[in-house]
Amino acid sequence: MAKARTDLMQGTLELLILKTLASHPMHGYGIAQRIHEAVDDLLKIEDGSLYPALYRMEERGWITSEWGSSENNRRAKFYKLTKAGRKQLAGERANWERVSRAVARILQTA
């Protein structure tokens, strides 16, 4: 049976990217793959959403990037979380937990 794929709510992609980069720098394709693996492909992340999000996050100072070689020796841009990005991750995570609890309460009411 095929798994249903869900589009992300606005703002959620940035939280997932920040969390993914918290452990170590990665290139865009690697970020998308790591997220897909972590959620058993339940979320759909399109290149048309991922890369603009990475550019926005870099402009905001949450991540930095530098060119390097990927696992298969291709030129790739690697993204790394900044101090501001770690702070943003903490705030976004706390906000997500509050919103999740609120939505869960509403869904549990009769």
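What covers the buried residues of α2? The structure considered here is a predicted model, in which local features need pLDDT of at least 70 and side-chain atom pairs count only at pLDDT 80 or more, whereas totals for chains, interfaces and linings use all residues. Residues are numbered from 1 along each chain as its sequence is written, and side-chain values use heavy atoms, with hydrogens and water left out.

The cover of the buried residues of α2 includes α1, β2 (26-27), β3 (43-44), α3 (47-59) and β5 (75-81), where helices (H or I, at least four residues) and strands (E, at least two) are DSSP runs numbered from the N terminus. The residues of α2 that are buried (under 20% relative accessible area, with exposed over 50% and partly exposed in between, for a 1.4 Å probe and protein chains only) are Gly28, Gly30, Ile31, Ala32, Ile35 and His36.

Helix α1 (residues 12-21) packs against helix α2 (residues 28-38) at an angle of about 100°, their axes lying 10 Å apart; axes are lines fitted to C-alpha atoms, for helices over the stretch in contact, and angles run from 0 to 180 degrees between N-to-C directions. The two helices are therefore roughly perpendicular, a class that spans 65 to 115 degrees, beside roughly parallel (under 35), roughly antiparallel (over 145) and oblique (the rest). In this contact (heavy atoms within 4.5 Å), α1 contributes Leu16, Ile17, Thr20 and Leu21, and α2 contributes Ile31, Arg34 and Ile35.

Glutamate 14, found in helix α1, is buried, with a relative accessible area of 10%. Leaving aside its neighbours within four places in sequence, glutamate 14 contacts Arg56, Met57, Arg60 and Trp62.
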